Amino acid sequence: VIRFIIGDPDSAAVTQRGEEEQIGSSLAARCQMTLARLQSLADAAGLEIRTHGTPLYTSMFRADDTLIANPHLYGAPASDNPAIFIRRDDAPELWHDYQLAFERVWKTARAIHARA
């Protein structure tokens, strides 16, 4: 299963983060663009897409036993922050902590379905 969690472009958290990063509504627009690109795949087998309204501390990208964590420093866009490459076998406790954080947000997120 492939899972995506994208910031809800209408959420207060996305609006606040756009203000803090001094990029205004650009962050919400990025979230909308990502959702628009994934929309046609929303009901594909093995793919789940959700939106969340939680404050974003880290972007995470995972494939099998490799995770890239992009911690967000206050006031700086994600692209200006470091990316940390984590392998499950090399740092099992850190891996577990990031996986747990993902699951916490996943549980609060709202499912997206293809439009008819």
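Phe85 is exposed, at 52% relative accessibility. Here buried means under 20% relative accessible area, exposed over 50%, and partly exposed in between (1.4 Å probe, protein chains only). The model is predicted: local features need pLDDT of at least 70, side-chain atom pairs count only at pLDDT 80 or more, and totals for chains, interfaces and linings use all residues. Residues are numbered from 1 along each chain as its sequence is written, and side-chain values use heavy atoms, leaving out hydrogens and water.

Phe85 sits in strand S5 (residues 84-87). Helices (H or I, at least four residues) and strands (E, at least two) are DSSP runs, numbered from the N terminus.

Strands S3 (residues 58-63) and S4 (residues 66-71) run antiparallel, joined by six bridges. Two strands pair if DSSP finds at least two bridges between them. Phe61 has Ile68 in S4 as its bridge partner. S4 also pairs with S5, again antiparallel, over four bridges. There, Ile68 stands opposite Phe85. The hairpin of S3 and S4 has two residues between the strands. In this hairpin, Asp64 takes a positive phi near 55°.

**Helix H1**

Helix H1 (residues 12-20) has Ala13, Val14, Arg17 and Gly18 as its buried residues. Viewed down the H1 axis, they fall within an arc of 135°, so they line one face of the helix. The arc is that of the directions from the helix axis to the C-beta atoms. An α-helix has 3.6 residues a turn, so residues three or four places apart point the same way. On the face turned away from the buried side, H1 carries exposed Ala12 and Glu19. The cover over the buried residues includes strand S1 (2-7) and helix H2 (26-38). Contact means heavy atoms within 4.5 Å. After H1 comes Gln22, with a positive phi near 60°.

**Salt bridges**

How many salt bridges does a search of the whole structure find? It finds four. The criterion is a side-chain nitrogen of Lys or Arg within 4 Å of a carboxyl oxygen of Asp or Glu. The table gives some of them.

| Pair | N to O distance |
|---|---|
| Glu103 and Arg3 | 2.5 Å |
| Glu21 and Arg17 | 2.6 Å |
| Glu48 and Arg50 | 4.0 Å |

Glu103 forms its salt bridge with Arg3. Glu103 lies in helix H3 (residues 92-108) and Arg3 in strand S1, so the pair ties together parts 100 residues apart in sequence. Glu103 is partly exposed at 22% relative accessibility. Arg3 is partly exposed too, with a relative accessible area of 29%. Glu21 and Arg17, by contrast, are both buried. Glu48 is partly exposed, at 32% relative accessibility.

**Ala114**

Ala114 is in the segment after strand S6 (110-111). Its relative accessible area is 33%, which makes Ala114 partly exposed. Leaving aside residues up to four places away in sequence, Ala114 touches Gln39, Ala42 and Asp43. Pro82 is 32 residues from Ala114 along the chain, and their C-alpha atoms are separated by 34 Å.
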